[in-house]
Amino acid sequence: IGRRGAGEGGLSTLTTGQTVRHVLYGCVVVVLYISLNFYLNFVNRYLLSDLGFPYPLLIIAMGTLFTFVATSACMLYTTGGVRALGDRTFVVVRHNWGYLLGLGASHALTTGFENMSLARISVDMTQMIKSTAPLWLLTTGFLLYGVTAPRRIVTALVVQTVGAVLAVYDNPSYDTLGVVFVFLSLATSVVQMQLSEELMQKRGVPAMELLFLTSLPAMITLALLMEDGELQHLYKFFGESQLAIVLFFSTGFAAVAYNFLTFEVINITSAVSMAIIGNFKMALIILLSIYIFHEQLEDINVVGVVVVLMSSFVYMYFRIVVSSSTSPSSTRPRIRRSQ
């Protein structure tokens, strides 16, 4: 794990001290990112299912609002005042407005659809469906651009997808609309990842500034999807559960850090590292959700979970092997184009 842009050769162009600092920073960012992802997944699941909180999008909107307030204060401090911030914002928005609007909307839809799915299906089912994302990415890349991947990686992803199907098939917590929400979250997350990489790695927009500029489009997107009168009903719901109040606002504060870390992880990791982080996080969430929430699984679902976990680690291994067998100066995905 290391910062992109550290030179043409990546970490190899840095001094030993700089390399250690970058690696330590990357490790801290990744650990915090995974920890906060756990917290938000499980607290949202508890709020939406166990406490019966009826507004999944409002949870995301609260986190987005907190993020906008926090990043506004940081940007005012780092730029030196309102005038300097306005000048800087005008320049960045003028050159990247389409990307910023798309990123704000896709970020809101990704987290919003995922929360809507948690109100209907279990956390482990959500993660198992999302584990199929790399296969859909490869399929899309092949159909649109003729990009292919090594056969062993494709095989591992196909097996992983079969496992996900087995894990979902006849699952006691299955809900068709919940599964649809997961796939919608999956689709918008692909757009979010691509736009984030474009803005940070190619156009040089820092993660903090990116959060500041995309928070408003995200809030507008969520506001358009929210039900009428949610805030009025929210007051009545909180009057019945003080624990819900604490958890609701804690997710808002946690979302500030998590939103920043999401963009920062995309910025500092290679494609291989991001694949490994995603699969490791998914495996832990699946196992912990089954243990914590005592999810009911049929025998075929258990087989599917095992297949998903095993194939995900095989996929991680193949990605490392493919990466190590290519030029160390490249940090892009190791793929080849068909003739």
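## Exercises on helix packing

The axes of helix 5 (residues 133–145) and helix 6 (residues 151–168) cross at roughly 130° and come within 8 Å. The model is predicted.

**Exercise 1.** Classify the packing of helix 5 against helix 6, and find which residues make the contact.

*Solution.* 
- Step 1. Take the angle, roughly 130°.
- Step 2. Apply the cut-offs: over 145 degrees counts as roughly antiparallel, and 65 to 115 as roughly perpendicular.
- Step 3. List the residues. Helix 5 gives P134, L135 and L138. Helix 6 gives I153, V154, L157, V158 and T161.
- Step 4. Sort them by class: seven are nonpolar, one is polar and none is charged.

**Exercise 2.** Describe how helix 2 packs on helix 3, and state what kinds of residue meet there.

*Solution.* 
- Step 1. Helix 2 covers residues 56–79. Its axis lies 12 Å from that of helix 3, at an angle of about 160°.
- Step 2. An angle over 145 degrees counts as roughly antiparallel. Helix 2 and helix 3 are therefore roughly antiparallel to each other.
- Step 3. Helix 2 passes helix 3 in a right-handed crossing.
- Step 4. On the helix 2 side, find P56, L57, I59, I60, M75, L76 and T79. They meet V82, A84, L85, T111, G112, N115 and M116 in helix 3.
- Step 5. Sort the contact by class: 10 nonpolar, four polar and no charged residues.

**Exercise 3.** Work out how helix 3 is oriented against helix 7.

*Solution.* 
- Step 1. Locate the pair: helix 3 is residues 82–118 and helix 7 is residues 176–202.
- Step 2. Read the geometry. The angle is about 150°, and the axes are 7 Å apart. That makes helix 3 roughly antiparallel to helix 7.
- Step 3. Helix 3 passes helix 7 in a left-handed crossing.
- Step 4. Sort this contact by class: 12 nonpolar, 12 polar and two charged residues.

**Exercise 4.** Check the span of helix 7, then inspect what lies at its start and what follows it.

*Solution.* 
- Step 1. Helix 7 has 27 residues. At 1.5 Å a residue, they should span 39 Å.
- Step 2. Compare with the model: the end C-alpha atoms are 39 Å apart, which agrees.
- Step 3. Look at the start. A side-chain oxygen of D175 comes within 3.2 Å of the backbone nitrogen of L177.
- Step 4. Look past the end. G204 follows helix 7, and its phi is positive, near 70°.

Technical notes
Residues are numbered from 1 along each chain as its sequence is written. This is a predicted model: local features need pLDDT of at least 70, side-chain atom pairs count only at pLDDT 80 or more; totals for chains, interfaces and linings use all residues. Side-chain values use heavy atoms; hydrogens and water are left out. Axes are lines fitted to C-alpha atoms, for helices over the stretch in contact, and angles run from 0 to 180 degrees between N-to-C directions. Helices (H or I, at least four residues) and strands (E, at least two) are DSSP runs, numbered from the N terminus. Angles under 35 degrees count as roughly parallel, over 145 as roughly antiparallel, 65 to 115 as roughly perpendicular and the rest as oblique. A crossing is left-handed if the near helix is turned anticlockwise from the far one by less than a right angle, and right-handed if clockwise. Ala, Val, Leu, Ile, Met, Phe, Trp, Tyr, Cys and Pro count as nonpolar, Asp, Glu, Lys and Arg as charged, and the others, Gly among them, as polar. The expected span of a helix is 1.5 Å times one less than its number of residues. A polar contact is a pair of N or O atoms within 3.5 Å; within protein, one must be able to donate a hydrogen and the other to accept it, and residues adjacent in sequence count only if both atoms are side-chain atoms. Contact means heavy atoms within 4.5 Å.
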